[in-house]
Each structure stands twice: as structure tokens, then as C-alpha cells.
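Please view the sequence and the structure together.

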Amino acid sequence: MPSLSSDLLGDLDPTSDRAVFRQIADQLREAIDRGRFKEGEKLPSEAELVEHYGVSRMTVRNSFSVLQGEGLVHAEHGKGVFVRPRPPVRRLASDRFARRHREQGKSAFIVEADAAGSHPQVDSLEVKEEKASQDVSTRLGSVRRVLARRRRYLLDGRPVEFATSYLPLDIARGTPIAEPNPGPGGIYARLEELGHRLDHFEEEIRARMPSPDEVRTLRLASGVPVIHLIRTAFDQEGRAVEVCDTVMAADAYVLSYQLPAT
């Protein structure tokens, strides 16, 4: 770790009306943004910052709390405060559902994991028939019951998203889609084998803070938001054949899109 200096972190401005702990947080944030502290690197200790700035330990702790609330750092008990890694997965909207991946027997998640150089896993798998919620029913064309497939995705052992797919029973019941492992290429490959050749997808995306259950499921650090994505898949006949409700750890993904100029 580089030695503390005014060049590294700067000095406090005694004439500023900005609280001292926020000034310290500002300087640490800038140092992280400029790469002076790398991903996974330990920040200066409380004692070092107390000595550097001439402030109390509580002031330093409040500065760390600001950065934790922003999702920039995380604390490890007995070890210190570390810079959080940047999102490891780039989700390419224009490529992730390309038919060539399904024909190669790969689901979208496996393709993304391969690109990130990470080991993909799926756990907490549940497949069952259930009553459709009002929102899901509307998106699927007023169906009453659906096949629900719930699963959690992990990269290198870390949970990064939790997703539930809802499919009309007249399509999914009694098919490999109703099995825990639907086979190579995932449920989209099976839908196409059943004659529902996919035409397009519609996605709605918003960012929000997680619920307590989502914090536990995704093992989220304090201050980390989630990306809530609802995707509807349509076949070439215009029928909605799946609704997928996904909650992703926002610090695990970069969402990348290509937009036409005309």
C-alpha cells in the first residue's frame, strides 16, 4: 500500500462548510476513482487516517460508512476496509439470446460466464405449477396458471442473480421444460423445439434497493442496490411464451446495449 501523503489523499479544508467526515470520504472516493487504490486493495487503516488527518476514529468510521453506503468498499471484520471489485460480467443485450448460443447448447448465463472467465453454477432450483400473479397473467395473455422455474445463479461461488421464469402450462406441462434440468441451451432451446421459434424479447429494467430477502439470497453488502429486470419472450406468432423476473446484484453486472442511429 502506498504511504499516506497529501498527494495521495490531500488535506482537509478548514474553511469548508462540508463536514470533515464527508471531506475524507470525498478524498478516498477520488483516490479509488483514479486507481490509487485498486480493486480488492485494502484502504488505509483507521489509525493511519486518524494520524494523517488529525481526526477522531469516529470521524474516520463515518467516512467509511459513507463509502460503504455507496457500494464502493466493504469491511471485513478484523481485516480492514477494501475496495469492492468492479462488475465482472458484461451483459450484451444484442448477443445474449442469439440463436447460435442455443444451438451450441449454451444458455445466456453460461455464455456470459465464459466471457468473464468465471465458473457458473445454478442452485436453489424449484420447479412447480402455480397460480399466475395479475402482472404475469397480463403479460402472458390472461393465463390463470403457469409453470414457475426459480433458480439462483452464482459465479465462482458468489450469488449474482435470482430469476423466476413463468411459462403457460399448455406449452410447458409434460415437457423437458418442467424438468429441473431442461437440457442443453436451456428453456429457450426447448421452446423452439416445441415449435415456438423465438422472435423478440421485451425488457423492463429499473434499479432499486434490495429487500431483506434479496440481501440474504444474493449476500449483498451494505449499500449495494439491485437491478430488477422483467423480460417477456415472444414467438414468431406474436405469442408471449415466457416472463422472466430477475433480480441482479448491481455490483456484478454492466448492462451493454447497441442502439440504432435511425
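The model is predicted, so local features need pLDDT of at least 70 and side-chain atom pairs count only at pLDDT 80 or more, while totals for chains, interfaces and linings use all residues. Residues are numbered from 1 along each chain as its sequence is written, and side-chain values use heavy atoms, leaving out hydrogens and water.

**Nonpolar cores**
- A nonpolar core is a set of buried Ala, Val, Leu, Ile, Met, Phe, Trp, Tyr and Cys residues joined through side-chain atoms within 4.5 Å; buried means under 20% relative accessible area (1.4 Å probe, protein chains only).
- The largest nonpolar core has 20 residues, of which L9, L28, F37, L43, L49, F64 and V73 touch the most other members.
- Two or more residues of this core come from each of helix 1 (6-9), helix 2, helix 3 (46-53), helix 4 (57-69) and strand 2 (80-83); helices (H or I, at least four residues) and strands (E, at least two) are DSSP runs, numbered from the N terminus.
- Helix 2 supplies the largest share of this core, 5 residues.
- Another core, of 19 residues, lies apart from it and includes F109, A113, Y153 and Y253.

**Q27**
- Q27 belongs to helix 2 (residues 20-33) and is buried, with a relative accessible area of 13%.
- Beyond its neighbours within four places in sequence, Q27 is in contact (heavy atoms within 4.5 Å) with L9, G10, D11, L12 and Y53.

**Helix 9**
- Helix 9 (residues 186-193) is mostly covered, with 7 of its 8 residues buried.
- The buried residues of helix 9 are G186, I187, Y188, A189, R190, L191 and E192.
- G195, which follows helix 9, has a positive phi near 100 degrees.

How values were computed:
Buried < 20%, exposed > 50% of the residue type's maximum accessible area, 1.4 Å probe, protein only.
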